[in-house]
Amino acid sequence: MSEEQAVTTEPQDIDVQNIVRTRGVRRVYKMGKLELEALKGIDLEIKRSEYVSIMGPSGSGKSTLFNMIGALDKPTSGKVYIDEVDVAQLDAYELAWLRCRKIGYIFQTFNLIPVMTALENVTLPMIFAGLSTDESIDKGVDLLETVGLGDRVQHRPLELSGGQQQRVAVARALANDPAIVLADEPTGNLDRQTGREIIELLRRLNTEKEVTIISATHDLKMLDVSDRIVWVEDGKIAKIQRREDLDLDVGQIGED
Amino acid sequence: MTTHSATAEPSQRQISLPLSKAIEIAFRSLKIRFWRSLITIGGIFFGIAFLMSILTSSALNKAMLDGGSSQVRALLEQKGTDAEAETQQIWLVTLSLLVCVVGITNAMLMSVTERFREIGTMKCLGALDIFIIELFLLESAFQGLVGSLGGVILGCLFMTVSMMSSYGMEPLSVFPVMSVLKFGLYSLGAGLFLSIVGALYPAQQAAKMLPADAMRTEV
């Protein structure tokens with residue numbers, strides 16, 4: 001479908017069709033004399049508004065890949081392009097801007113600031129972005145209502161359950177209307193039911209707001225909502241599958 | 001610099017942390033670590049109290065020599081000014097303040113290490129390195145301010161009472177308010193300055209970390 005569209009749209013649109021692009025990304029960790037090659041050359045393209053899951057067992061390199069895509073770490077070699085801008089060329093200021101405005105992050109351990117209420121956590125990126133206090137509060141309350149926490153706006157993380165904290169994290173990730181939401185094991189610390197709710201929330205956001213979602217996970221529940229699944233093994237991409245190609249029975253995976 | 005084509009216009013590329021907000025965050029971080037902060041404040045408190053007590057004693061001695069009764073003046077002149085004792089005193093005060101700074105640095109390093117994940121998260125939200133430094137310096141400055149204030153009061157009180165035990169009511173009657181206030185301000189400034197200096201290294205270390213490393217840390 002995208003091939004026909006590409007011919008008729010302007011060149012500029014084709015360029016930014018890929019919101020994330022990696023070329024030969026390698027990451028080597030030096031621990032004393034030992035060298036650990038976490039990523040062995042990753043070539044990946046992720047389109048706008050796609051929901052991509054990066055799947056793999058622990059130690060496969062998916063978290064490292066996540067850090068590369070999210071500009072949280074620098075590759076040892078290779079390039080990462082976000083909206084066709086080489087991340088390695090950005091200075092500290094531009095990098096901060098990227099993380100503030102273009103990308104929203106969700107983590108396995110929620111990573112909310114403990115001294116702040118849910119609303120303050122959600123509005124912190126807005127403050128960095130220069131929104132006035134009133135605007136940020138309005139928007140923050142709005143976002144918290146979208147994730148179903150309209151009645152817990154003044155609660156501190158200590159007073160919230162795991163699932164609620166992750167919802168706050170999701171709201172915070174959306175604070176500055178980012179183009180990309182990156183989630184690192186978002187359901188890792190949640191029970192099955194809550195995990196399902198968060199996955200459903202992400203899927204809804206992907207559909208309604210057309211935000212690109214890239215999630216590194218080994219939660220198989222994520223398979224059902226992803227457009228594409230990138231299987232990572234031992235630092236390399238093992239295979240990429242589209243949702244349609246997966247053999248999933250309703251409600252179960254791989255039953256024969 | 002770099003191509004900005006796919007990123008927003010320059011006017012939208014502002015990242016800022018208003019001072020009022022920074023102060024709020026720093027203050028709340030201290031409140032939540034109340035007891036630990038008290039220990040750091042205690043260190044500054046005693047160091048500055050010592051400094052202030054030495055300064056107060058010199059101010060009071062001078063005031064009594066200049067305007068005190070003849071008995072007291074005789075007593076003081078008997079004691080004489082011992083150059084060696086004075087050098088020793090300066091050395092003692094300097095040492096105690098150095099110990100203070102080391103204590104502050106240690107406390108701030110611990111605070112930073114505990115909060116690596118928080119720092120990494122803030123960088124993910126778009127915080128510039130300078131914001132992180134600002135937050136830690138503000139925290140340390142608060143502790144310095146509170147500790148110094150208390151230290152100045154304690155030092156002054158202690159020395160005045162101590163001198164009264166030697167010279168009766170004399171110290172009170174000639175109490176050099178302006179001098180003591182001046183020295184109080186100096187001590188306050190010294191305490192504040194040392195707190196900020198003590199926090200500089202830890203704050204810089206915190207700010208320099210890459211978010212990925214910051215959040216990988218298990219505390």
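**Ground rules**

I am working with a predicted model, where local features need pLDDT of at least 70 and side-chain atom pairs count only at pLDDT 80 or more, while totals for chains, interfaces and linings use all residues. I count residues from 1 along each chain as its sequence is written, and I take chains as lettered from A and ligands as numbered from 1 in the order in which they are written.

**The sheet in chain A**

I noted my terms at the start: helices (H or I, at least four residues) and strands (E, at least two) are DSSP runs, numbered from the N terminus. Two strands pair if DSSP finds at least two bridges between them.

I traced an open sheet of six strands in chain A, in the order β6-β7-β8-β3-β9-β10, with mixed pairing. Its edge strands are β6 (103-106) and β10 (236-242), each pairing on one side only. From one strand to the next, the twist averages 15°, with axes being lines fitted to C-alpha atoms (for helices over the stretch in contact) and angles running from 0 to 180 degrees between N-to-C directions.

I reminded myself that strands of a sheet pair through backbone hydrogen bonds, either parallel or antiparallel.

**Strand β3 of chain A**

Which strands flank β3(A)? I found β8 (residues 212-217) of chain A paired with β3(A) in the parallel sense over five bridges. I also found β3 (residues 51-55) paired with β9 (residues 228-233) of chain A, in the parallel sense over four bridges.

I then picked out single partners. A:Ser53 has A:Ser215 as its bridge partner in β8(A).

Is β3(A) mostly covered or mostly open? I got five of its five residues as buried (20 or more other C-beta atoms within 10 Å of a residue's own; exposed is 12 or fewer, partly exposed in between; C-beta atoms are placed from the backbone). A:Tyr51, A:Ser53 and A:Met55 point one way, A:Val52 and A:Ile54 the other way, and all are buried.

**Helix α3 of chain A**

I checked helix α3 (residues 62-69) next: eight of its eight residues are buried, so the helix is largely enclosed by the rest of the structure. Among them are A:Lys62, A:Phe66 and A:Ile69. Just after α3(A), I spotted A:Ala71 with a positive phi of about 55°.

**Where chain A touches chain B**

I counted 27 residues of chain A in contact with 26 residues of chain B, contact being C-beta atoms, placed from the backbone, within 7 Å. On the chain A side, α4 (92-102) and α5 (118-128) are the elements giving two or more residues. The most come from α4(A), with seven residues.

**Chain B**

I list nine helices and zero strands for chain B. Its radius of gyration is 23 Å, well over the 17 Å that the globule rule gives for 219 residues, so chain B is more spread out than a compact globule. The radius is taken over C-alpha atoms, and the rule is 2.2 Å times the number of residues to the power 0.38. Along its principal axes, the C-alpha trace of chain B spans about 85 × 35 × 30 Å. Buried residues make up 38% of the 219 residues in chain B.

Definitions and conventions. Contact = placed C-beta atoms within 7 Å.
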